[in-house]
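This report sets out the sheets, the backbone geometry and the ligand surroundings of one protein model.

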Amino acid sequence: MSLPPNSDRPRRGGRPGGPRRPPPRQVEVVDVRPLTPRTVAVVFAGESLAGFAEPAPTAHIKLFLPDSEGNVARPVAGPDGRLEWPDGRPTMRTYTPRRFDAGAGTLEVWFVLHGDGPAARWAARAEPGCRAAIGGPGGRFSVDPAAASWWIGGDESALPAIATLLEALPDDVTGQVHLEAEGAEDRIGLPAPAGVEVTWHDRAGEPGAALVDALRRAGLGDDTHVWIACEASAVRTARSYLLDDRMLPRPQVTTRGYWRVGEADHPDHDFGED
Ligand SMILES: Cc1cc2nc3c(=O)[nH]c(=O)nc-3n(C[C@H](O)[C@H](O)[C@H](O)COP(=O)(O)OP(=O)(O)OC[C@H]3O[C@@H](n4cnc5c(N)ncnc54)[C@H](O)[C@@H]3O)c2cc1C
């Protein structure tokens, strides 16, 4: 099966039998900056970040959290080359590499402090010197150079991905970005090409409902490319609306469930296609 050029679905057959994942990189927090009352930027550094691949737009990393003592488990290569965790597999969550600075050897990640989750709790307490480990980057979404018109939507968890996507768009594209956040104090300025209008929505009702509402009112051309990431149920509503009601061609629609109400550790490969 050949994948469309902007697909970031995992390649089938890449594993097992293919190349094994390298061990996660051991990193240390060197800076923490609150961006809003509910979002914090954490900057990681470490010699092991040398060789970290320049992430594609909307790429993801795996964050391995330390134990209660602050120690990060290290894997060993098993007999078949797969990673094994003699001390138990650490808690792992998916995040977006917001900014990788190869010269400085730093990686910035934005965490939503949504409350009750190990990663959100860790980020709320993170300070320079805290240790973690990072796997990836994964995801190979690339901007279709022929895509001149965009409709982009997401919630707080997708702001870093949307920022990387906006930075990757050619200067002359036109479009709309719709962002949903809990309240006005949760908004973060994003860099957008001059022809792209950014609109913020306060959360109203279910997570993602304001985005779906904005989508239903959107003027979408036949050539509009859509990228949406937010709560998984809202993503499904948005996707079926785009494909079934608006009849947008499938290759122009990228939808990503980034988290799901009531579910811990939502998978990183939820494209909302079920
Ligand atoms: C490809 C990808 C990229 C992502 N990039 C980022 C990123 O850059 N920054 C970021 O903050 N998140 C990002 N996420 C989302 C992040 O992985 C999830 O929010 C994750 O669940 C957080 O882990 P946790 O340990 O804090 O909570 P979990 O233990 O996973 O969940 C605990 C509870 O918290 C709820 N919950 C989880 N996330 C949220 C949320 N955002 N808002 C409200 N409730 C929530 C769950 O429904 C669950 O009930 C990304 C997800 C994917 C798939």
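The model is a predicted one.

**The parallel sheet**

Five strands form an open sheet with parallel pairing, and their order is β12-β11-β10-β13-β14. Strands β12 (196–202) and β14 (253–259) are its edges, and each of them pairs on one side only. From one strand to the next, the twist averages 10 degrees. Strand β13, residues 225–231, runs parallel to β14 and is joined to β14 by six bridges. In this region A229 stands opposite R256 of β14. Helix α2 (residues 159–168) lies across β10 (149–155), β11 (174–181), β12, β13 and β14. The direction of helix α2 is at about 160 degrees to that of β10.

**The antiparallel sheet**

A second open sheet contains seven strands in the order β6-β3-β9-β1-β2-β8-β7, with antiparallel pairing. Strands β6 (92–95) and β7 (99–101) each have a single partner strand, so one side of each is left without a neighbour in the sheet. Neighbouring strands of this sheet are turned by 35 degrees against each other on average, with direction ignored. Strand β3 (residues 60–64) and strand β9 (residues 131–138) run antiparallel and are joined by four bridges. F64 stands opposite A133 in β9.

**Backbone geometry**

Most peptide bonds are trans, and most residues other than glycine have a negative phi. Which residues does a cis peptide bond join? The bond lies between G136 and P137, with omega at about 10 degrees. P137 is part of strand β9.

Positive phi values occur at T58, near 60 degrees, and at M247, near 55 degrees. T58 is placed in the loop between β2 (39–45) and β3, while M247 is in the loop between α4 (232–245) and β14. Are these two residues buried or exposed? T58 counts as buried because its relative accessibility is 2%, under the 20% limit. M247 is exposed because its relative accessible area of 61% is over 50%.

**The surroundings of L113**

L113 is found in the loop between β8 (106–112) and α1 (118–125). With a relative accessibility of 24%, L113 counts as partly exposed. Leaving aside residues up to four places away in sequence, L113 touches P37, R38, T39, V40, A120, A123 and A124. The C-alpha atoms of L113 and G135 are 21 Å apart in space, and the two residues are 22 residues apart in sequence.

**The ligand**

Around the ligand there are 27 residues, of which T94, W110, H114, R260 and D265 come nearest.

| Residue and atom | Ligand atom | Distance |
|---|---|---|
| T96, polar side-chain atom | nitrogen | 2.8 Å |
| V112, backbone N or O atom | oxygen | 2.8 Å |
| D265, polar backbone atom | oxygen | 2.8 Å |

Taken alone, the ligand exposes 910 Å², and the protein buries 90% of that area.

Definitions and conventions:
Residues are numbered from 1 along each chain as its sequence is written. This is a predicted model: local features need pLDDT of at least 70, side-chain atom pairs count only at pLDDT 80 or more; totals for chains, interfaces and linings use all residues. Side-chain values use heavy atoms; hydrogens and water are left out. Two strands pair if DSSP finds at least two bridges between them. Helices (H or I, at least four residues) and strands (E, at least two) are DSSP runs, numbered from the N terminus. Axes are lines fitted to C-alpha atoms, for helices over the stretch in contact, and angles run from 0 to 180 degrees between N-to-C directions. Contact means heavy atoms within 4.5 Å. Buried means under 20% relative accessible area, exposed over 50%, partly exposed in between (1.4 Å probe, protein chains only). A residue is near a molecule or strand if one of its heavy atoms lies within 4 Å of it. A polar contact is a pair of N or O atoms within 3.5 Å; within protein, one must be able to donate a hydrogen and the other to accept it, and residues adjacent in sequence count only if both atoms are side-chain atoms. Accessible areas come from the Shrake-Rupley method with a 1.4 Å probe; for residues, only the protein chains shown count as cover.
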